[in-house]
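This is a walk through one protein model, from its overall form to single residues. Have the sequence and the structure in view while reading.

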Amino acid sequence: MKIIDVNLSIGGKDSIGKTMDLPYVLELMADFRIDHGVCYHQYALLDPKDGNVKMAVLAGESNGKLSTCVVLDPILGAENLPGEGSLQERLMAFQPACLRIFPNFVRLPFHAFYWEEILDAANALALPLIVDFEYNDEFFCNIPDVSEKYPNVKFILIRQGCCQGRRIFPLLQRRKNVYFTIERMLDNLQIEEIEEKCGCDQLLFGSGYPERPHSGALGLAIYADITAESREKILCKNWEAMQK
């Protein structure tokens with residue numbers, strides 16, 4: 001069964017201080033039998049344009065194993081990417097697989113007022129958007145309205161699961177453009193309950209490496225007591241459907 005990791009990074013260091021360059025990331029993926037990774041370059045946090053270009057170059061050298069997730073800072077607008085024209089036009093030319101924003105890192109709340117240009121572009125192009133955030137009460141007050149206002153954006157929330165069922169289930173049931181990665185779905189039979197109540201169409205496999213090892217997320221996906229169809233959706237099919 002194909003495995004697609006939608007939450008990878010390159011350019012940083014792992015837990016033992018080893019730099020995650022392209023050969024190391026590809027070796028790691030091979031060890032865990034991960035067929036494809038959606039990856040951002042950690043340098044893009046400091047210089048989005050240069051970091052995004054670096055990631056695109058590495059993806060082109062990966063023999064199809066990696067696709068580019070671009071990091072966007074709302075203050076930079078179109079200058080997050082090379083080229084000419086608006087942010088939407090540059091995204092169309094750059095053709096990333098995914099967008100990623102870091103509200104905590106840029107010290108902004110997650111609200112449409114501050115992220116409008118990025119959300120408008122993502123909505124027009126129907127792109128997945130990873131919101132990498134320390135999800136607080138304010139975020140969960142805003143995400144229902146933001147996801148309703150931008151129905152073509154596929155909002156991906158990472159690191160959610162443990163003791164978060166009261167927040168996760170309403171979003172899965174009432175916002176079909178909100179997705180969750182499974183690496184922290186550690187509540188007893190949580191993935192099984194999601195399958196029963198909502199189906200698994202909005203779950204994705206994302207390791208978050210190097211913050212977390214692949215083994216935990218893989219174990220949750222492989223050993224969950226769910227149907228083979230649901231398991232395949234989590235591991236690859238849901239992401240592939242988002243790319244069409």
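Accessible areas here come from the Shrake-Rupley method with a 1.4 Å probe. On that basis, the protein exposes about 11300 Å², and carbon and sulfur atoms supply 50% of this area. The model is predicted, and everything below should be read with that in mind.

Start with the whole chain. The protein has nine helices and eight strands. Its radius of gyration is 17 Å, close to the 18 Å that the globule rule gives for 244 residues, so the protein is as compact as a globular protein of that length. Along the principal axes, the C-alpha atoms fill a box of roughly 50 × 40 × 30 Å. Of the 244 residues, 54% count as buried. The contacts can also be sorted by separation along the chain: among those between residues at least 6 apart in sequence, 71% join residues at least 24 apart.

The largest nonpolar core has 85 residues, and Phe155 and Trp239 touch the most other members. Helix H4 supplies the largest share of this core, six residues. Which residues does Trp239 touch, not counting those up to four places away in sequence? They are Ile4, Val6, Val38, Ala97, Cys98, Pro128, Ile156 and Leu204.

Asp132 is placed in the loop between strand S5 and helix H5, which spans residues 137-149. Is Asp132 buried or exposed? Its relative accessibility is 12%, and because buried means under 20%, Asp132 counts as buried. The side chain of Asp132 makes a polar contact with the side chain of Arg100, at 2.8 Å. Arg100 is also one of the residues in contact with Asp132 once neighbours within four places in sequence are left aside; the others are Ile101, Phe102, Pro103, Ile158 and Arg159.

Now turn to the backbone. The peptide bond from Tyr209 to Pro210 is cis, with omega near 15°. Pro210 is found in the loop between strand S8 (203-204) and helix H8 (214-223). With neighbours within four places in sequence left aside, Gln42 is in contact with Ser9, Ile10, Gly11, Gly12 and Pro210. Gln42 is partly exposed, with a relative accessible area of 26%.

Two residues other than glycine have a positive phi value. For Arg33, phi is near 60°. Arg33 is found in the loop between helix H1 (22-31) and strand S2 (36-41). Its relative accessibility is 70%, and it counts as exposed. For Ala126, phi is near 55°. Ala126 sits in the loop between helix H4 (112-125) and strand S5 (128-131). With a relative accessible area of 27%, Ala126 is partly exposed.

The cysteines are a separate matter. How many disulfides does the structure hold? The count is zero. Cys141 is in no disulfide, and the nearest cysteine sulfur, that of Cys163, is 19 Å away. Cys141 is exposed, with a relative accessible area of 57%. Cys163 counts as exposed, at 65% relative accessibility.

Arg174 is in helix H6, which covers residues 165-174. At 65% relative accessibility, Arg174 counts as exposed. From Arg174 to Thr227 there are 53 residues in sequence and 23 Å in space, C-alpha to C-alpha.

Note on methods: Residues numbered from 1 in each chain as written. Predicted model: local features only at pLDDT ≥ 70, side-chain atom pairs only at ≥ 80, totals over all residues. Heavy atoms only, no water. Disulfide = S-S within 2.5 Å. Buried < 20%, exposed > 50% of the residue type's maximum accessible area, 1.4 Å probe, protein only. Helix = DSSP H or I, 4+ residues; strand = E, 2+ residues; numbered from the N terminus. Core = buried A, V, L, I, M, F, W, Y, C linked by side-chain atoms within 4.5 Å. Contact = heavy atoms within 4.5 Å. Polar contact = N/O pair within 3.5 Å; in protein donor to acceptor, adjacent residues only side chain to side chain. Rg over C-alpha atoms; globule rule 2.2 N^0.38 Å.
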